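Visitor: Hi! I'm new to protein structures and would like a walk through this one. Could you take me through it step by step?

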Amino acid sequence: MSIKSKLVALAAILTVSGSVGFATIAEAGGHDGAEHNAYHPARQSWTFGGIFGKFDRAQLRRGYQIYDEVCSACHSMKLMSYRNLMESGGPEFTKDEVKKMIADKAVPAEPNDEGATYADGERITRPALLTDRFVSPYENDKAAMAANGGALPPDLSVMAKARSLPHAGSGKEADNIFFATVAGIKEYAGWVFGVARDIVTQYQEGGPDYIYALMTSYEEEVPEGAKPIPEDKNFNHIFPGNAISMAPPLSDETVEYADGTKPTLDQHARDIATFLMWVAEPKLEERKRTGFMALVYLFILSMLMYMVKRAIWSGQKH
Amino acid sequence: MGHHESNYQPKWAIEKWLDERLPVIRMMSDQFIVFPTPRNLNYWWTLGMVLFFFLIIQIVTGIVLAMHYVADSGLAFDSVEHIMRDVNWGWLLRYMHANGGSFFFIAVYIHILRGLYYGSYKAPREILWLVGIVIYILMMAAAFMGYVLPWGQMSYWGATVITNLFSAIPWVGDSITQLLWGAYSVSQPTLNRFFALHYLVPMILAVFVIIHVWALHVVGSNNPEGLDVKTKEDTLPFHPYFTMKDLFVAISVLGIYAFFVFYMSNYMGHPDNYIRANPMVTPTHIVPEWYFLPFYAILRAVPDKLGGVIAMFGAIIVVAIIPWLDTHPIRSLRYRPIARIMFWLFVATALLLGFLGAKPASGWYITASRALMVFWFVYFLIILPILSRMERNNDKLPGSISEAVLGKSDDAAEAR
């Protein structure tokens, strides 16, 4: 086969598998078969996506405000320290701002001079310092579960990297080998296409996309056609199994933003997802900045090496 | 090593002095400067250098990570996050190490497929091939134990599933499993010994890499034509021809690697591994790292536990013994059209099995896994031995490497 016919064949394969793949993705949307079908979670646009991605400082500050006023009532963030709030690449509050923000925070104190941590049955506390970890709402997991009807509100420190949008897939019973083959080719093509699309778009934002979807896809009533859920649970389209213990945490005007931004549910969801992404990956900006320089350097070096190789081999048949 | 004449001439007095006591410069000169290498090697022969780069990257980043990591089931997860947040350039070290593991496997799979396509396992390179398989198995062991160290959900449950496989071995299975665990389940002793072994195995691997290079330098490189080196005209010195070519490729691959390290940092991992290990909560789908997926699919395709384990290890063993399954006198598949088609079917099988390994073990996924598993074994145990007898010798086979190189008209023919 000549190069030309090979290229034509490759183009044909790519076109066919690409269209099949795209059709599969478009059709499947992202639901897992087991969950309610009418809902399609989407990829959102984020300022921190892509090669030159950066956090929006104002958005991070709003996100912190939401965490502080809403989420932190139940969710801990044990890997974060207050000092992180003033570090570069984050919300970049000033030292004075952070000090003011934590003025009313009390953390469990170290044993006092008598070696006691409790006085009159109460945990002794002291004012929070910049170096302290974010104060947790409960003393331990058991206490958290007791206060939340047996459900444990997960720590949010790396939440934005611990979730992603569900992948398409069927896994239906194969009636015969023919069906299995057709379904297999279709789904495999969809998968290859999906991977290619992820790489081309540097898709890393499955976590924030999931958080945004979780915040915005609550239903007051179980929709028609969906499986019923237990009395004490809430219906959410994207949560696996649809029955989530957490009541809808955000709605329009849940938080009155310090910077005057219009407090819609959509805005709240985007801001908290962005904040959680920064919390999970505080070095994201440094990473992307360094990465660009590394890529440029390696590209130039690789081109130079190619010229070296060409020059050395120019006199040799091979 | 090597059976070409040494032409090293010590220039300075100190070189001469050293050469009479420990001829290390002579060895370097003979093996890595003037070493005669077939002139017709194509780009698929550059993966050795790429693999060497990744071995070094893994060892260097790994040693520094070990300075900050804590192998304690209560602290491991947090110590990894400490590296990500508070250690200078810690995020870079960790992402280089995690993605370096994946790229090590990408490179080794291409390297293995190159060997399969051009018949690099055939006489006199059987030992070279077997040592390569040993390196591959050590890589899998190191990678598996490394994935356990962050002590996330996939770490914990992956370790549970894989170590449980050993319990399928009759009589001694339970003892072996408990020895691996150091307890009655995956727990603190398991993490601690996996950390120790994760540090040890790459050192053993490095020794086998030296043996691999040694074996290579005894018999010399195979080449795309699959012909033996006959004359001096068939070869070129390793340096500068192949050092510079390999470096060009290695640096280009590093570029792709950097793209993943910096921009797709967690793409080849699993989100569940950012959830702390929890023995009380089993993830919906337990999925191993992507490079184990074809074997994982085979494991699950067999309805019996012991049968699945045998099939999984058997799938690697048939690759190891291919020098004695494919005994056709022509090495390169360039001159074996039927075997070539079968080879690509095998590649497709491996890729599809990898895809199926990531899917739940139900429905048509299982049906397809079974069919493909059968083809895997049929390819090695039936198709290759039969083709060894039946496939005709090809009259297009050139007489020598020089003839193949000088006889062709343009570059298009080379890409054939």
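**A proline to start with**

Guide: Pro23(B) sits in the loop between α1 (13-21) and α2 (24-33) of chain B. Helices here are DSSP runs of H or I with at least four residues, strands are runs of E with at least two, and both are numbered from the N terminus. This is a predicted model, in which local features need pLDDT of at least 70, side-chain atom pairs count only at pLDDT 80 or more, and totals for chains, interfaces and linings use all residues. Residues are numbered from 1 along each chain as its sequence is written, chains are lettered from A and ligands numbered from 1 in the order in which they are written, and side-chain values use heavy atoms, leaving out hydrogens and water.

Visitor: Is Pro23(B) buried, exposed or partly exposed?

Guide: Pro23(B) is partly exposed, because its relative accessible area is 39%. Buried means under 20% relative accessible area, exposed means over 50%, and partly exposed is in between (1.4 Å probe, protein chains only).

Visitor: And how far is Pro23(B) from Gln9(B)?

Guide: Their C-alpha atoms are separated by 11 Å, and the two residues are 14 residues apart along the chain.

Visitor: Okay, new topic: how many salt bridges does the structure hold?

Guide: There are 25 salt bridges over all chains. A salt bridge is a side-chain nitrogen of Lys or Arg within 4 Å of a carboxyl oxygen of Asp or Glu.

Visitor: Why would such side chains pair?

Guide: Side chains of opposite charge can pair when their charged atoms come close.

Visitor: Which residue forms a salt bridge with Lys359(B)?

Guide: That is Glu187(A), with the closest N and O atoms 3.3 Å apart. Lys359(B) lies in the loop between α13 (337-357) and α14 (363-390) of chain B and Glu187(A) in helix α6 (residues 177-200) of chain A, so this pair joins two chains. Both Lys359(B) and Glu187(A) are buried.

Visitor: What about Asp228(B) and Arg331(B), how many residues apart are they?

Guide: Their side chains meet in a salt bridge of 3.0 Å, N to O. The pair links distant parts of the chain, 103 residues apart: Asp228(B) is in the loop between α9 (188-219) and β2 (235-237) of chain B, and Arg331(B) is in the loop between α12 (305-320) and α13 of chain B. Asp228(B) is partly exposed because its relative accessibility is 42%, whereas Arg331(B) is buried at 9%.

Visitor: Which residues are linked in a network of salt bridges?

Guide: Lys122(B), Asp326(B), Arg336(B) and Glu391(B) are linked that way.

Visitor: Now the backbone: which peptide bonds are cis?

Guide: A cis peptide bond joins Ala123(B) and Pro124(B), with omega about 5°. The bond from His239(B) to Pro240(B) is cis too, with omega near 5°. Pro124(B) is in the loop between α5 (90-117) and α6 (126-148) of chain B, while Pro240(B) is in helix α10 (residues 238-263) of chain B.

Visitor: What is the phi of Glu92(A), and of Trp89(B)?

Guide: Glu92(A) has a positive phi of about 55° although it is not a glycine, and Trp89(B) also has a positive phi of about 55° without being a glycine. Most residues other than glycine have a negative phi, and most peptide bonds are trans. Glu92(A) lies in the loop between α2 and α3 (95-101) of chain A, and Trp89(B) in the loop between α4 (76-85) and α5 of chain B.

Visitor: One last thing: where is Tyr43(B)?

Guide: Tyr43(B) is in the loop between β1 (36-38) and α3 (47-68) of chain B. Tyr43(B) is partly exposed, at 35% relative accessibility.
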